[in-house]
Amino acid sequence: MAHSRYSEILTHYPGAVLAIVLVLVSCSTILNILVAPPPDFSDPLQGFIPRYSVIHSAYAAWSNLIDETAVGAESNKLLTTYPQSNTLQRGDNSTTWAGSTFLAAFTKQEATYDLWPTSTYGYAGDNVTRSSRRTAKESYFCDSQPRRGYAQVALKLGCTLAQLDIHTFVSLCNLQKELESSPLYAPICEPSCLCRSFSLVNYVSYLAGRDSCDRVSESDLKGNLQILLECKHYVEDLPADCWSENFVRSDRCNMSSMCADRSIYEIFYYIMSKSTDLTITYVHIAKSSSNHPFYLKIRQLMRRQQKEPVQVLAVDFGLKEYVFEKLLFKDSLWIFSALLLIIVILLFYTRSIFITSITFISMAFSIVISFSIYGFVFQIGYFPFLNLLAAVVVVALGADDLFVYWKTWTTIKLSRNASVLERIVTLTFQHASVAMFVTSASTAAAFYACSYTDIVSIRCFSVYAGTCVLVHYLLAVTWLPACVVLYEKYALNVCSNHRKCEMQSKGLQCLQNICTRITRMLSSRHTIISTWSRVWLPFFLLVSVASAVALFFWPGLSPPSSDMFQVLSANHPFEVFDLQVKPEFAVSADRGRLPIIFVFGVNPQFNGQYFKVSSTGALVLRPLPKLSAPKTQLWFSDFCYELRQQPFFDQSQHQPVGCFIEEMRASMRFRPCDIDPVCCKKLSFPYNESTFTHCLVRWSLQNRQIKVASSDPGIRYQGTTPSAIIISFQSSVKFDYSYQTMKEFHENVTRFLGERLAECLQSDCEAFTPFFTTAGGLLFYDVQQVLVHSLPTTVIVIIVTAAVIIFLTTLNILLTFCALVSISSSILCTLASLALMGWQLNILESVIVSLAVGLSMDFPLHVTVAYKISSSTRDRQRRVTVSLQHIRGCITAAMVTTLAAGLCVLPAQVLAYCKLGIFLALVSVTSWFHALFFLPSLLMHIGPIGSFLQINPRCCRLKTTRSTGLTRPMDKTIYSDDLSTELTRVLPSNASSSPQEPITGELEVEVNDQNLLTPPPILLQPGPMIVPRWGRLSPITELPSVSPASGRSSVESL
């Protein structure tokens, strides 16, 4: 068979296998260093926006349209806001159309409204324009109002505004002076260090007429607090423009005259929280990385103020990405501590520094080779920071594969089927490669299934992690066996001559005895598993049902409820500010209304590079209908009219502009015919084609006198030809993080557009194909939608793929069913635990969910494969017991390794590391319990016996004998042991003289009460006699005699 041929190569030419691996790793390393660009983690939120989705494609087309529209004297753009005509009729430049006043009003209104989100998916804008006149407040604060670009410090007062006393006020004032007097503050303050910060104490000082907060008396404080409390309900109930500088009293802004001061509005809008004891100070420092030394000073101050009445709670200096990049490498120390702990566990298990070293070398090799395949084979240039989590997957699988291979190797060395090195290599590879392949293939399939998503970061991680898993499997069947063969052939002989092979200590022996007792209890015939199997089955089934309820009904893995993607731990000052402080202030809650934008003549298909996150593609135009046709005029007029009647249209205020056909008709209705006899009010709608064409050009040319922005509604021209149309209105829906609210808004607009297009198609209007966008307002909803819809599909695909892999491995329907039940229960329990801990289905959590689905399969699959290859085919209980005896040590050691690694990274400040630690600890324990309690109990009751439901196609039957075809004598190194009087083995009488004996058969081991971590038998070449020691092998020059009566070898001569 092929595995025997390969075993011959591993036995006789291990150096050649190692040389090939080293050449491959060397080439990959050279390519990664010299050719591949280094990863850039400066913006951790890159790649979190879905690509190729309907919403993102429309947003990308809208962005390209804005970029390709010329404004003013720009000449390198594809489109313009007016036709490029060299001939104008006399009077065009001096005539003012009545309709242009509407456009001027619209332009003025939109200048104060931010159409673009200020955060990744946010939707907000300052609704107050700055006056050119310098007021007394500007002279006091050096600015008219707080700006979002200023650094912000959140303070906890310990009392509400109504309870503020003079002692708290003085403490707040002293804290502010301490910050501003720092030598680190002077180099970064703007425009001058003499400018006062926008803070509660400075606002009270301004209202009291004091030039400094330390001059405010108790009476000043009480008087101004009384005014603030009386005016608070006006700020909450009245619109913001009631406090504009050009305030005019009206019924809509009916308030007391003492509350008309805009400073009062700014205190409740920017400075004080809505209902808590929090306040924000806007410092005259621009948000940038140059603030980092001053930020460290504030962190020191925060540590000293644990018991002060006024404390610095959080800050926002615009440093989150800068600090994250630093912590990403600083917190790697926790990863290294986890690796050191794993090294200790591997040393404890293998008692070999060499084997432990080559295992970690293979992990490093797999990461290096996978990076080359990722960049040069898959041609992916974007490497998100989430890909770093793949290293954890490699470490977990690497330790697991080592445990399986080393346990199988040492067991076969003690079996009655192995007496020469090539036989041991063959049987080890035959049994271990199956277990390693099943776990590696299922885990890789889980990751590759997660790549079916529109979110770039998740797809990149899935591809890279899946590649790492497959590459590590290839190294596990090449690098690892070759190193073990070299270790057996040469290293042990050298070590035995120096008496330094084994790592013995009383502490290790004591710990081994404890592990022995535990695992003996778990594998004995009358143990907690077999005796309580009728209890374990209903218990785990009940846990599975409860987990399903917690996962799919309540509380469930809900979509993210904030666009502030958390990248640091929840107690970090930056995350505290974003997640706890900002929602408490009115300035953050006022996000503005979503616009409704319909674009005609532009193809909304995204044509940019998928893995280039900054790419939005190129603008692609498509033909517009003939605008001068009367039916086209009527269709656009009806479209705009029906749009105004929709419930999502903002009816609270008059929106005179937004539709080009309505604007042109309005302008012509007010235009006297004695001034322009062609385009005047006497014309009836719809106009004839020549009149419409002439008047549209005149109306468009008139608009160039007004500074029309590239995002304003209207017609976009390519030369003199209309090429795109923008129809834009304001909706009645404010931006919200609620998934259901945004879903309802999107579905309503999409439904309206579909109905209008259906009517258009019935009238032979195929060219009327607009797309709908909100200029970025629905991107966060797009993320929620992708995450919610892709998770169930991904989990189903992963489970189906795992079922196929298990079936192809076992060829048994019932065994596949039992394994899937255990795996599904483990996945449900893990995900439900995450839901109960309050996790939301965000980007990072989606990656961790994919990890949970992949890693939850490993332990149950090992038990399944062990049950399949067990020789006791007629007794379920005996078969389960033998399977657990063979695999329990590997699974337990792998669980301890993964659990220890997870606990080590919990103190990290990077959220990805912290949540990964929680997940690893959870998934290792959950999967271990299901593999050693639920699945064995299930197999004891319904596990297949004999060939029941076993598929044995003729092509899959294995021959029981074969000719090895060896052209050289086999390696005849013989093994003998004196581990204890309880463990003996049977050696065939012709073990050393039959090199042509078939190297096949099942694993047959006489398992006694030996230690779980028993030191492996050591291969020694024939040589001088060595005094036996516990756990050591003695070299022999010939086979021991075998008693015909007992069939056991005599060890008296040893």
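In this predicted model, Cys-679 and Cys-695 are joined by a disulfide, with 1.9 Å between their sulfur atoms. The link of Cys-679 and Cys-695 is left-handed, the angle about the S-S bond being -100°. Cys-679 belongs to the loop between H24 and helix H25 (689-703), while Cys-695 belongs to helix H25, so the pair ties together parts that are 16 residues apart in sequence.

Is Cys-679 buried or exposed? A residue counts as buried when its relative accessible area is under 20%. Cys-679 has 0% relative accessibility and therefore counts as buried. The relative accessibility of Cys-695 is also 0%, so Cys-695 counts as buried.

A further disulfide connects Cys-640 with Cys-659, with an S to S distance of 1.9 Å. The angle about the S-S bond is 75° here, and the link of Cys-640 and Cys-659 is right-handed. Because Cys-640 lies in helix H23 (residues 630-644) and Cys-659 in the loop between H23 and helix H24 (660-669), this pair ties together parts that are 19 residues apart in sequence. Cys-640 and Cys-659 are both buried.

The next pair consists of Cys-173 and Cys-213, which form a disulfide with their sulfur atoms 1.8 Å apart. Where in the chain are Cys-173 and Cys-213? Cys-173 is in helix H6 (residues 166-180). Cys-213 is in the loop between helix H7 (200-208) and helix H8 (218-237). The two cysteines are 40 residues apart, and the pair links distant parts of the chain. The link of Cys-173 and Cys-213 is right-handed, with 65° about the S-S bond. Cys-173 is buried, as is Cys-213.

How many disulfides does the count come to? The count comes to six disulfides, among them the pairs Cys-679 and Cys-695, Cys-640 and Cys-659, and Cys-173 and Cys-213.

Cys-829 has a relative accessible area of 16%, so Cys-829 is buried.

Key. Residues numbered from 1 in each chain as written. Predicted model: local features only at pLDDT ≥ 70, side-chain atom pairs only at ≥ 80, totals over all residues. Heavy atoms only, no water. Disulfide = S-S within 2.5 Å. Helix = DSSP H or I, 4+ residues; strand = E, 2+ residues; numbered from the N terminus. Buried < 20%, exposed > 50% of the residue type's maximum accessible area, 1.4 Å probe, protein only.
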